[in-house]
Structures are given as C-alpha cells and as structure tokens.
Amino acid sequence: MSQQFQHPIALIVYRRPESVAKLMACLGRVKPTKLYVIADVPRDPKWQAECDETFAIATNPSWNCELFVDRAKENLGCRRRISSGVDWVFSQEETVVVLEDDLEPADSFFPFCAELLERYRDDKRIMHIGGNNHQQGIARTPDSYYFSKHTHCWGWASWRRAWQHFDHELTNWPTFRDGGFMERVCPDPLEREYFAGKLDGVLNGDIDSWAYIWTYSCWRQNGLGIIPAVNLVANHGFDDSATHTKGSHALQELRAEELSFPLQHPTGFAPNEAADHYAFYHHFEGNAIRAARSPMGKIRQWRNGALRRMKALTR
C-alpha cells in the first residue's frame, strides 16, 4: 500500500510480545496515520514483564504516525478494558479499525475496511465490519462479502454512530430476552438458549466478555454485520494464556487470505441464513451442545461423572 491508511487503528494489547511484534510488522506495511494503543495491566504480578514488553513494542511504531496511549491503572479485564478503550477512541474519532495483539491480518483487510467504512458511513442498517469468515472454505456468496447477524470480532471496524448503542451494563437485556425479541433474532431454540445463556452470564458477572454485549447491542438496533467472502484475519491466540480461546480449536487453523479488488458488493441486505446457521453450529459450539444432549452424549456424561466419583473415592 503506497499511501498511509487513513482510518484510525486501535490496537488492544496485554501480554503477547511475540504476537504484537508480528502485528506491528503488518501495520508497518499500511502505515496508519493514527494509532491508538489500549493496554491493560497484569492481573497477576508475575506477568508484569510480558505486559511491559508488549506495551513497549506496541507504542514504538516503525512509521510516522500520531500515537495515542490509554494504559489502565488497574486490571480491568477483557470486558471493561476493551469496551472502555473503544469508548475512548470513539470520543475522538468517527471510525476505527480494532485489532487485538494476537491477530494477523491480510494486507487486503485494510482497504476492505476502508472502502466499506466509507460506503456504509451513514447507513444505519450496517453496524459492524468483520474481518473473519468462519465458513471453513464453504463459498457463501459470489460477492466480496455478505451480511450476517453475527459480529465476529477478531479484527473489525465500526462507526461512532453504531458504537453509541453499546449497552455497557446490559440494561435492556432482560426486557429484550423476556419480550419475545430473541425468537425473532434466533428462531433456532438451541441457538436462542445458547446466546441467552451467554448474555445472562455476562450480566451476572460470570463471563468476562464485551463481544456478546456488542452482538446483542447490534441485534437490538436491527443492525447487520459484514462478513468477507474469505477469512481476512488469522487468530494466533489459542493457548493457555488466552482469556477465551484456550486449548485447541478448528478455527486456529484458519489462515488470513487475500481478497480481490475491486470489491463486488451485494445487491440486497438480508443476512445469509445458511452461513449464520453454520457459524452457530461450528463456531459457537452448537454441534457440541447438540451432541452432549443426544442419548449417547448423556450416557458419556453419566459415565464420565461416575469415573470421576470413583477416582475421588479411591484417593
């Protein structure tokens, strides 16, 4: 990219010095004119050196840009640190591209975001531009992207006009949940139960996530997300140091691909129901939940529980 990237980029960092160094190399190729660094401090003092090193790498870009820094004074956790950091950026900017320190975007992710941020700047139907495609190679559209009810957030962009609807405390969630609105968004009972459970968990403080709140906030506004035709951002954060992506997962094998230009835009605005259905069952644990509730799944649960009880008795 010969010219500097003109939309602000928010870089969210914690304790991944090697990953953030790779991400900074990616950013060095597009040279954003404005870089916002959002950092948390360690929950455990033993992580201080890693957090400090990550922060130092993120705040020393190799290109000329305006640099803005917001480092927490106490550990805020995933939900409060990311949401408060995005609040901070949108207090100063109309648009932003958000990347976390364990991500590796394709070069075409940036012009993809830039073109769509401009194209849908004033279209309130569109609230989220995602960089992820979790269809695992299944082609869902002849266009460059499709619309979705999901807001995959491993690399994304949005507008102040959309983020203003972020319901930080889930104030209106109980009314939405109990008023029949979830039936409209999630006709599948298993999917509806899954997302309601996650949002209840966030509301009760059992799940430390801003992302479920963002998805719900878009649903409440009848807003749509954009999903690229190919996966534009790889996530290298599937390890024991992660908050949510611990252990192995099929999606950790997804690599960032390049998207062809000029972009081919869809003619309609309906969410792709087949793709959304697949995303729930393959990305949001739908298949695992369904298997666990099958007769064989219940037998396995009973057997595993019995084995655990036997081991406890023989200790």
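## The sheet

Two strands are taken to pair if DSSP finds at least two bridges between them. In this predicted model, eight strands form an open sheet of mixed pairing, ordered β3-β2-β1-β4-β8-β6-β9-β7. Its edges are β3 (66-71) and β7 (145-148), each of which pairs on one side only. From one strand to the next, the twist averages 25 degrees.

Within this sheet, β1 (residues 9-13) and β2 (residues 34-39) run parallel and are joined over five bridges. Leu-11 has Val-37 in β2 as its bridge partner.

## Helices across the sheet

Helix α2 (residues 48-58) lies across β1, β2 and β3, and its direction makes an angle of about 160 degrees with β3. Helix α3 (residues 77-90) lies across β1, β2, β3, β4 (95-100) and β8 (156-159), running at about 150 degrees to β2.

In soluble globular proteins, nonpolar side chains tend to be buried together. Here the largest nonpolar core has 41 residues, and the members with the most contacts inside it are Trp-156, Trp-163, Trp-173, Phe-195, Trp-210 and Trp-214. Helix α9 (residues 211-220) supplies the largest share of this core, with seven residues. A second, separate core of 40 residues includes Val-30, Ala-114, Leu-259 and Leu-263.

## Surroundings of Trp-156

Beyond its neighbours within four places in sequence, Trp-156 is in contact with Val-86, Val-96, Val-97, Val-98, Phe-109, His-128, Ile-129 and Gly-130, as well as with Trp-163, Trp-210 and Trp-214.

Technical notes
Residues are numbered from 1 along each chain as its sequence is written. This is a predicted model: local features need pLDDT of at least 70, side-chain atom pairs count only at pLDDT 80 or more; totals for chains, interfaces and linings use all residues. Side-chain values use heavy atoms; hydrogens and water are left out. Helices (H or I, at least four residues) and strands (E, at least two) are DSSP runs, numbered from the N terminus. Axes are lines fitted to C-alpha atoms, for helices over the stretch in contact, and angles run from 0 to 180 degrees between N-to-C directions. Contact means heavy atoms within 4.5 Å. A nonpolar core is a set of buried Ala, Val, Leu, Ile, Met, Phe, Trp, Tyr and Cys residues joined through side-chain atoms within 4.5 Å. Buried means under 20% relative accessible area, exposed over 50%, partly exposed in between (1.4 Å probe, protein chains only).
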